Amino acid sequence: MAKINRNRVRDVVNDIGKYFGLLRYDKMSEVLYPNFDYKYLSPTSQKPDSDFFNNLFDASNEFQSLIDENSMCVEAYDWLAKTKEKMGDIEDAQTLLEEAVKLSPKAILRQQELAKYAKMNKNYEIAEKALRNSVSLGKFSVYKNEDDSLNLAEVLVERIATDSGIKGKRAGN
């Protein structure tokens, strides 16, 4: 197994932060990302520049090369999934997170993201499993989120409706 180059992972994560506009300059950012070059961020970090999709493609290639170098680097799967989401490829994002969950099944935030993508893809079986894991793992965690239980109930209703052939009918609609 190849050794993970942590500096390369950090650099790629910093670069992708620029593309997504996820990292904003504030005092906490100075602590979390001391080497990050903030000159690339707009003051609001809301409107992508004209090279946004080229940057996403480049970032996608970088994260894929990280995965190719070391398939155990789950952070690369997470960021590649986020990149794919921004590119509009939710199915690939879901597939990537499924692989990451196999490598790291106890990561609650990863389970929540997988459930989100699976729900968007109407893959209710995967969403249900991920939300059940998230609820179970979150019982005694700081990442416990009541929305997971509500989302699980919604996914179960959608799954039952889909399995029984009822589409779009809910109580009150």
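1. E128 counts as buried in this predicted model, because its relative accessibility is 11%, below the 20% limit for that class. The residue sits in helix α7. Beyond the neighbours within four places in sequence, E128 is in contact with L152, V155, L156 and R159.

2. Helix α7 (residues 124–137) pairs with helix α6 (residues 108–120): their axes come within 8 Å and cross at roughly 155°. That angle makes α6 roughly antiparallel to α7, since angles over 145 degrees fall in that class. The crossing of α6 past α7 is left-handed.

3. The contact between these two helices draws on I108, Q111, Q112, L114, A115, A118 and K119 from α6. On the α7 side the residues are Y124, I126, A127, A130, L131, N133, S134 and L137. Sorted by class, the contact of α6 with α7 has 10 nonpolar, four polar and one charged residues.

4. The length of α6 can be checked against its residue count. With 13 residues at 1.5 Å a residue, α6 should span 18 Å, and its end C-alpha atoms are 19 Å apart, which agrees. The expected figure uses one less than the number of residues.

5. Which residues of α6 are buried? They are I108, R110, Q111, Q112, L114, A115, Y117 and A118.

6. K116, in helix α6, counts as partly exposed because its relative accessibility is 34%, between the 20% and 50% limits. The C-alpha atoms of K116 and I126 are separated by 10.0 Å, with the two residues 10 apart along the chain.

7. After α6 comes K122, which has a positive phi, near 60°.

8. As for the whole protein chain, the secondary structure comes to eight helices and zero strands, giving the pattern α-α-α-α-α-α-α-α along the sequence. Of the 173 residues in the chain, 35% are buried. Taking contacts between residues at least 6 apart in sequence, 53% join residues at least 24 apart.

Conventions:
Residues numbered from 1 in each chain as written. Predicted model: local features only at pLDDT ≥ 70, side-chain atom pairs only at ≥ 80, totals over all residues. Heavy atoms only, no water. Axes fitted to C-alpha atoms, helices over the stretch in contact; angles between N-to-C directions. Helix = DSSP H or I, 4+ residues; strand = E, 2+ residues; numbered from the N terminus. Parallel < 35°, antiparallel > 145°, perpendicular 65-115°, else oblique. Left-handed = near helix turned anticlockwise from the far one by under 90°. Contact = heavy atoms within 4.5 Å. Nonpolar A, V, L, I, M, F, W, Y, C, P; charged D, E, K, R; others polar. Buried < 20%, exposed > 50% of the residue type's maximum accessible area, 1.4 Å probe, protein only.
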